[in-house]
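Please look at the model below.

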Amino acid sequence: MSYADVNGVSLYYEEHGSGQPLILLHGGLGSGDMYAPILPLLAKGRRVITVDLQAHGRTADVDRPLRYERLGDDVAALIGHLGLAQADVMGYSFGAGTALRTAIQHPDLVRRLVITSFPCRRDGWYPESLAGMDQMGSQQAGMLMQSPVYEAYARLAPRVEDFPVLLERTGELLRRDYDWSAEVANITAPVMLVFADADAVRPAHIVEFYGLLGGGLRDANWDGSLRPVARLAVLPGHTHYDLFASPDLPAAVVPFLEAPSLEPPPPLGP
């Protein structure tokens, strides 16, 4: 069991495989263990570092609110703790918000970035998804204690009694408005966006987000010379709630991570 003391948090992480490092960030109320179904596919030929973020999994809570910005700083500090000059960073939902802030705030540390099922503006979520976020809080603890979410939390958490606190902190985070559209331009790493075709993020926002990264703005030309560096995958037959564990996710992401270059080819003719 490995812990990194960063920014006042004792951050739990695990390492799997060897090769180019990939920091893997879980969804809300989850842990690195939620990637177990696809971890062997991601760790084949690379060093995957799963992280339990503040108050999640084996990482105990500390006396600070949950903020994507602070979690991004934690991930950057972990990259330094591991002695890495750069790492690929991939996150799903809550973890994707953290990954996005890591790349915005610490662009020099991120080689390639994968954002799965997360919008760069709060209103990118469907209204019914936002309504559910608005209801999140400690008052739901009793109901959720009957769910697999709590079973996993109780199995891993250093202080099981903190579950209502996690729900309260998560709800407070999810109700905060944000719009990082302008800051997306600060990202220097190539970015891949991945969504389900029945995601909790609106398709119109997916297109907008991709456009901020230079994608979907023009034809790529017959020779691909005007192709954007950014990548977009919309995976059919999936929802926001099953995408993270599907083998379709690594099948889409691994070619992006392994490509020697993501730059478009030079024009072939006049």
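The paragraphs below start with the method and then turn to the cores and the loops.

This is a predicted model, in which local features need pLDDT of at least 70 and side-chain atom pairs count only at pLDDT 80 or more, while totals for chains, interfaces and linings use all residues. Residues are numbered from 1 along each chain as its sequence is written, and side-chain values use heavy atoms, with hydrogens and water left out.

A nonpolar core is a set of buried Ala, Val, Leu, Ile, Met, Phe, Trp, Tyr and Cys residues joined through side-chain atoms within 4.5 Å; buried means under 20% relative accessible area, exposed over 50%, and partly exposed in between (1.4 Å probe, protein chains only). The largest such core has 64 residues, and those with the most contacts inside it include Ile23, Leu113 and Phe209. Apart from that core lies another, of 27 residues, among them Ile38, Leu42, Val253 and Leu257.

Helices (H or I, at least four residues) and strands (E, at least two) are DSSP runs, numbered from the N terminus. Leu29 is in the loop between β3 (20-25) and α1 (39-42). Leu29 has a positive phi, near 65°, although this residue is not glycine, and Leu29 is buried at 16% relative accessible area.

Ser117, in the loop between β6 (110-116) and α4 (127-135), also is a residue other than glycine with a positive phi, near 60°. Ser117 is buried, at 0% relative accessibility.

Ser225 lies in the loop between α8 (203-212) and β8 (231-239) and is buried at 12%. Leaving aside neighbours within four places in sequence, Ser225 is in contact (heavy atoms within 4.5 Å) with Ala220, Pro264, Pro265, Pro266 and Pro267.
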